[in-house]
Amino acid sequence: GEGGRQLNVRNFNRHFALFSPTEFNEECVDMLETLGEYKKPGWYTPFLASAAPVLVEHHIVWERFEHEDGEGGVIAVDWAHPPSHQDQDEAQTTHENMLTPVVVIVPGLAGHSGKDYIRSVTSILTKNLGWRVCVLNWRGFNAPLVSNKVFQPHDIADTELFVENAHRRYPAAPLFGIGFSAGSNQLLKYLGKHGEGHRII
């Protein structure tokens, strides 16, 4: 059966969380409620938000992988490594580097690794934290469209393939996830489907 409850968060006060009543899902909703009310920074203005992509350039060195989906299509995935790892190939990677945390990023609708918000968070994660980043490019957006399958919000097959391949490449590394807009919906669907057996911490 399904359960649910009103979210006790001010800016979500009209939202109702609908979920399967498992212990894992209850804990997720509890964590959401601890976020409290979101408040915009004092310096924020719509003008600055629009100008930021022009004022700030984030140079990212991407490594492209394409994974076959078993149905004649492919998903394109871009990796970014911390500066200390960029000159190493797979054979030179040390055990310590194999444990470097990996963050999988699922962009918003029509999103890809070339979007400024993706480059911005990737820059912070790789340069400030020294973590690896793996970005899913939606089919046809900064990625080849070689079959008649395109992104559909209700279908998480691409996200599942994306997460599984990220884990397979660095199986010993802790795996974290970030989703933006439609991408956060995809991550939630993934977590809900796989429950405690999912790959993401």
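In which loop is Asn-142 found? Asn-142 is found in the loop between strand 6 and helix 5, where helices (H or I, at least four residues) and strands (E, at least two) are DSSP runs numbered from the N terminus. This is a predicted model, in which local features need pLDDT of at least 70 and side-chain atom pairs count only at pLDDT 80 or more, whereas totals for chains, interfaces and linings use all residues. Residues are numbered from 1 along each chain as its sequence is written, and side-chain values use heavy atoms, with hydrogens and water left out.

**Overall architecture**

- The chain holds 6 helices and 7 strands, which follow one another along the sequence in the pattern β-β-α-α-β-β-α-β-α-β-α-β-α.
- Of the 201 residues in the chain, 39% are buried; buried means under 20% relative accessible area, exposed over 50%, and partly exposed in between (1.4 Å probe, protein chains only).
- Among contacts (heavy atoms within 4.5 Å) between residues at least 6 apart in sequence, 68% join residues at least 24 apart.

- Strand 6 (residues 132-137) is largely enclosed by the rest of the structure, because 6 of its 6 residues are buried.
- Cover is present on both faces of strand 6: Arg-132, Cys-134 and Leu-136 are buried on one side, and Val-133, Val-135 and Asn-137 are buried on the other.
- Strand 4 (residues 74-80) runs antiparallel to strand 6 and is joined to it by 5 bridges; two strands pair if DSSP finds at least two bridges between them.
- Strand 5 (residues 102-106) runs parallel to strand 6, with 4 bridges between them, and Val-102 stands opposite Arg-132 of strand 6.

- Val-77 lies in strand 4 and is buried, with a relative accessible area of 1%.
- The bridge partner of Val-77 in strand 6 is Leu-136.
- Not counting residues up to four places away in sequence, Val-77 touches Glu-63, Arg-64, Phe-65, His-67, Cys-134, Val-135, Asn-137 and Phe-162.
- Strand 3 (residues 63-68) pairs with strand 4 in the antiparallel sense over 6 bridges, and His-67 has Ile-75 of strand 4 as its bridge partner.
- The hairpin of strand 3 and strand 4 has 5 residues between the strands, and within this hairpin Gly-70 takes a positive phi near 85°.

**Loop residues with positive phi**

- Most residues other than glycine have a negative phi, and most peptide bonds are trans.
- Asn-142 is not a glycine, yet has a positive phi of about 60°; Asn-142 is partly exposed, with a relative accessible area of 40%.
- Val-77 and Asn-142 are separated by 65 residues in sequence and by 10.0 Å in space, C-alpha to C-alpha.
- Ala-110, placed in the loop between strand 5 and helix 4, is another residue other than glycine with a positive phi, here near 65°.
- The relative accessible area of Ala-110 is 25%, so this residue is partly exposed.

- Glu-160 belongs to helix 5 (residues 157-169) and is buried, with a relative accessible area of 18%.
- Setting aside residues up to four places away in sequence, Glu-160 touches Tyr-190, Lys-193 and His-194.
- Gly-177 is found in strand 7 (residues 175-179) and is partly exposed, with a relative accessible area of 33%.
- Beyond its neighbours within four places in sequence, Gly-177 is in contact with Val-104, Leu-187 and Ile-200.
- Gly-177 and Val-106 are 71 residues apart in sequence, while their C-alpha atoms are 7.8 Å apart in space.

- A search of the whole structure finds 1 cavity of 30 Å³ or more; on a 1 Å grid over the protein atoms alone, a cavity is a set of points where a 1.4 Å probe fits but cannot get out, and lining residues have an atom within 4 Å of a point.
- The largest cavity holds about 30 Å³ of space, with grid points joined across faces, edges and corners and the volume taken as the space filled by probe spheres set on the points.
- Lining the largest cavity are Lys-149, Val-150, Phe-151, Gln-152, Asp-155 and Asp-158.
- This lining divides into 2 nonpolar, 1 polar and 3 charged residues, where Ala, Val, Leu, Ile, Met, Phe, Trp, Tyr, Cys and Pro count as nonpolar, Asp, Glu, Lys and Arg as charged, and the others, Gly among them, as polar.

Notes. 1 Å grid on protein atoms, 1.4 Å probe; cavity = no way out; pocket = protein on both sides within 12 Å on 5 of 7 lines; lining within 4 Å.
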